[in-house]
Amino acid sequence: MTNKSAKVAAGLLILCAVGCAALAMGLRQSFGLFLAPMTEAHGWSASGFAFAIALSVLLNGIFQPICGQVADRIGGRWVVTGGTLLYAIAIAGMAMSESMAAFTFFGGVVLGIAVSAAGMPVIMASLTRLLPEDQRGRAVGLGTAGSSFGQFLVVPVAGFGIAGLGWEWTLWVMAAVALLMIPLSTPLADKPAPKAAGATEETAGQALRRAFRTPTFWFLFFGFFVCGLHVSFLSVHLPGFVHSCGLPVAVGAGAIGLIGLFNIAGSLAAGELSQRWKRRELLVAIYAARGVLMAGFMALPKTTETVLVFSALMGILWLSTVPPTVALVARNFGTRWLATLFGLVFLGHQIGGFTGAWLGGLIFDRTGSYDLMWTIGILGAAFAALIHMPVKDPAPAPKPAAA
């Protein structure tokens, strides 16, 4: 393959992966819009609806390493294809659900497994495995930015659909749109790298035992836990916090939109920096910046201007942790079982996400304020910055000499 054709192939691969990640994230982030119309139509409780969606987040984390293991064995394309079919079934099932039990099954169990198979970790692992070392950081940054763009684009479109078509027809359209991920996943035909002659290939169990014995793996796991705690706390509770400060509801909605918009730039920048800077120092800087930003925000008066500036700056830091974290997992443990190992690190993120969403509500119910949760978020940022300092960041393996 010529250099030009290789670049075209890499560009097509990245474009399809970005599109796939954008659809997966955009659809996933749209389901909160259906709470009011569906609970009103069926007479369900808001807490029951919220439990189903929260269950999908938790199951997403639990099943992510399992889906990653399958992807490492048969390739990401087949896992994403299967996940896409489950995604469409889950959304269609939500549209047809007449009882809370049925909705919990489709919107909680089936959707949670679907997002694990057709979500960003499997897509990013396949992309990383298919590209050379010098293109991986930029590609993962583009994929992460694509996820944010999907959130920024798909969520408002779903809102317009609910207003114009009604919630039921909008769900059916979303189920059909989900199927577009099947052709987009076609280039993700990654396969395990062939082992060298006479070499013994590391098994999944050996890779897991090696990772579990390595402090760097646990540093990344607990650091990503803090990332998930921050993301879920702000996603779920920032609008309520803004409203509790006496600001209009629209300011809270605008804050979430700005986070998604500015995360596009943040993810792209993180992808580029992952190729030019030590990934360990990049993660330390990101988490430290989050802590300083949250502390500064708490010290300032809560006005529309301060909320929106905080949201834009937080958006830059939002998912910028993903490219350097993926790169560090790949560099420390190789790409053979990357989807499995990054899936386990991602499990930490989702446990943190469940904790951030639940603990924020619990603290507010008990104290009538989010102040303690903000303090926990600031301390968590300091903890994450410190815990990444001893992470090993080895140099990439040297390229084989040209024949």
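Okay, let's start with the aromatics: ring pairs tie Phe233, Phe241, Phe297, Phe310, Phe364, Tyr370 and Trp374 into a cluster. A pair here means that ring centres of Phe, Tyr or Trp (its six-membered ring) lie within 6.5 Å. Searching the whole structure turns up 21 aromatic pairs.

Quick caveat: this is a predicted model, where local features need pLDDT of at least 70 and side-chain atom pairs count only at pLDDT 80 or more, while totals for chains, interfaces and linings use all residues. Numbering runs from 1 along each chain as its sequence is written, and side-chain values use heavy atoms, with hydrogens and water left out.

Back to Phe297: the charged end of Lys302 sits over that ring, 5.3 Å from its centre. "Over" means NZ of Lys or CZ of Arg within 6 Å of the ring centre and within 35 degrees of the ring normal. Arg336 does this too, with its charged end over the ring of Trp337 at 3.9 Å from the centre.

Now the helices, which are DSSP runs of H or I, at least four residues, numbered from the N terminus. So how do α11 and α17 pack? Helix α11 (residues 215–244) and helix α17 (residues 371–387) have axes 9 Å apart, at an angle of about 155°. Axes are lines fitted to C-alpha atoms over the stretch in contact, with angles from 0 to 180 degrees between N-to-C directions. That makes the two roughly antiparallel, the word for angles over 145 degrees. The contact, meaning heavy atoms within 4.5 Å, includes Phe233 and Phe241 of α11 and Trp374 of α17.

Next up is α4, residues 76–96. Its axis and that of α8 (residues 167–178) come within 8 Å and cross at roughly 170°, so this pair is roughly antiparallel. Tyr87 and Ile91 of α4 are among the contact residues, as are Trp167 and Trp172 of α8. The tally there is 13 nonpolar, one polar and one charged.

And who else does α4 meet? With α6 (residues 120–130), the axes come within 10 Å and cross at roughly 160°, so these helices are roughly antiparallel as well. Gly76, Val79 and Val80 in α4 meet Val122, Ile123 and Ser126 in α6, giving four nonpolar, two polar and no charged residues.

How values were computed:
Parallel < 35°, antiparallel > 145°, perpendicular 65-115°, else oblique. Phe/Tyr/Trp six-rings, centres within 6.5 Å; stacked < 30°, edge-to-face > 60°. Nonpolar A, V, L, I, M, F, W, Y, C, P; charged D, E, K, R; others polar.
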